[in-house]
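Hi,

Here is the model I said I would pass on.

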Amino acid sequence: MAGTPFDLQLLNLCAALLLLLSFAMLAQRRVVTLVNLLAIQGALLFVATLLLAWRTGEHHLYLSAALTLALKVLLLPWLLHRLIRRLQVYWDTEPLLNISGTMLIGLLVVVFAFGLAQPIAALASTATRSAIGIALAVILLSFVTMITRRKAMSQVVGFLSMENGLFFGAMSATYGMPMIVEFGVALDVLVAVLVLGVFFFQIREQFDSLDLHHLESLKESPTFGKSPSPAPARSVQEN
Amino acid sequence: MKPLEILTQALELIAALAAAPLFLGWVNQCRAWLQNRRAPSIWLPYRGIRKLFHKDAVIAENASPLFRVAPYIVFGAMVVAAGIIPSMGTRLPFTIAADAIALVGLLATARVFLSLAAIDIGTAFGTLGARREMMVGFLAEPALLMVIFVASIISATTALPAIAENLATQTLGLYPSLAFTAIAFTLILLAENARIPIDNPATHLELTMIHEAMVLEYSARHLALMEWAAALKLLNYACIGFALFLPWGISTGTGGPLSLLASIPLLAAKLTVTGAALALIETISAKLRVFRVPEFLAIAFLLAVLGLLVHLLLGA
């Protein structure tokens, strides 16, 4: 540790903080705070990209850093905050598992990701190769976030944080993807958020709620469907 | 053991015993200032202890001998712990006698006797407090051990003085793992010492109390020992934190009592800052519901394990 240069130490700190932020997202119940955490994650990614660009002298990384700042720190959080205001969803319901249980699962996921990344890191030749494990852990933790949440809003935040993890992984494994791929992904994410925003309104109009559990039943339920069809078998069961 | 070493060790113990109520008084004073109250005197804990020693003890009829013995055991355990923790010097006879895991066991012994004594009388409050204390304890202990393991892996030893010496002599760098574990340790310190997010040390006869519920039946000298032990526990935890994360200024030589004197100013400065920070944390945070306590300690455990994993992966 004493021998590592200071900028690499800073990069390691960024990686560790990214991992911590993923856990914070896993534990957070308020959707507004969740979006803020996503913005902080983007900002950390921006700092890490800048540091790496300065360290390696690769010019295209400056461009990715600028793209990260514009898209992940400013535009996407702003869009999500606007959506939250319009849809009036400030809280997620209680997650499927309690917080302590989710944390323990998250820890196991991190151990798994670190083990998985070890052979990959051994093959990579970059200075930041040890951070690949953290990137993989961030991706898997975002998966856990998406799995344990009910509201569509938190799931989208999980999706975006997964994209952040992928970006960080590509950065630490090969100093970033080719520019064209990066632009493509950035555009995809932007479009995805816009389309999902439209979806949110549709889901809420249909079910009066953003709880995705309503999407799991195949039949139209009598309470939420537009044409209320009495379901005799079900009412017998309820009685 | 040479007589000089014993003298040095005795000096350290006396200093810890004398400083513990002062530290508690300082925290209380800071807290009062932050809450816009007129602060009580910093010597108030001493006066409380002296007053209690002058009173006659009242003991419940159905109390077993355990109830009478427990305060001495708890107090004794805390004094021994104060000897083991390298607060002023690292080469003292007590500090090298036991490692960090034995220290955690010693703290657990004190907790067990405190809880047993609380259950012994058979009042509802005592049992309730003991059960809550055990819940906090069984969640906080693994977290504390994980914190110690991170520092142990970095220094390749579980002996606290060796860890402190190793960290004090290393070049400065960014250690994300140590930062995570330091936060985890702060959470554990708050939980173990009945500070505000978990328990309010200023309340008496409240349904949510933990520590106060256990010592409710004690009076006079027994209560004085219990309160002194609680103050000593707070000081001990602060000193464990210094040994693990801020070991600068600790005396590493075997120079005798004089070298200990040299380490006092910096230790006092660290305690002053820590006390103020503790008061600040207690002022800005609200007390958690009892059912949120496992979550709080799960976060501490998580941070400690994350520190360990980050250290193993990044070597930082």
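Let's start in chain B, with one alanine. Leaving out neighbours within four places in sequence, B:Ala143 is in contact with B:Ala184, B:Ile188, B:Leu297, B:Ala300, B:Phe301 and B:Ala304. Do keep in mind that this is a predicted model.

Several of those names come back when you look at the largest nonpolar core, which has 166 residues. The members that touch the most others in it are B:Ala143, B:Ile188, B:Ala300 and B:Ala304. As for helices, α9 of chain B (residues 220-245) gives the most to this core, with 18 residues.

Next, α7 of chain B, which covers residues 176-192. From first C-alpha to last, its 17 residues reach 24 Å, close to the 24 Å expected at 1.5 Å a residue. Is α7(B) mostly covered or mostly exposed? Mostly covered: 14 of its 17 residues are buried. After the helix comes B:Ala194, with a positive phi near 55°.

Now over to chain A. Of its 239 residues, 39% count as buried. Take the contacts in chain A between residues at least 6 apart in sequence: 72% of them join residues at least 24 apart.

Then there is the place where the two chains meet. The contact takes 21 residues from chain A and 17 residues from chain B. On the chain A side, α1 (6-27), α4 (99-123) and α5 (132-148) each supply at least two residues. Which of the helices gives the most to that side? That would be α1(A), with nine residues. By type, the chain A side divides into 16 nonpolar, five polar and no charged residues.

The axes of α1(A) and α11 of chain B (residues 293-314) come within 11 Å and cross at roughly 145°, and the crossing is right-handed. From α1(A), the contact is made by A:Asn12, A:Ala15, A:Ala16, A:Leu19, A:Leu20 and A:Phe23. From α11(B), B:Leu302, B:Leu306, B:Val310 and B:Leu314 take part.

Cheers

How values were computed
Residues numbered from 1 in each chain as written. Chains lettered and ligands numbered in written order. Predicted model: local features only at pLDDT ≥ 70, side-chain atom pairs only at ≥ 80, totals over all residues. Contact = placed C-beta atoms within 7 Å. Helix = DSSP H or I, 4+ residues; strand = E, 2+ residues; numbered from the N terminus. Nonpolar A, V, L, I, M, F, W, Y, C, P; charged D, E, K, R; others polar. Expected span 1.5 Å × (residues − 1). Buried ≥ 20, exposed ≤ 12 C-beta atoms within 10 Å, placed from the backbone. Core = buried A, V, L, I, M, F, W, Y, C linked by C-beta atoms within 7 Å. Axes fitted to C-alpha atoms, helices over the stretch in contact; angles between N-to-C directions. Left-handed = near helix turned anticlockwise from the far one by under 90°.
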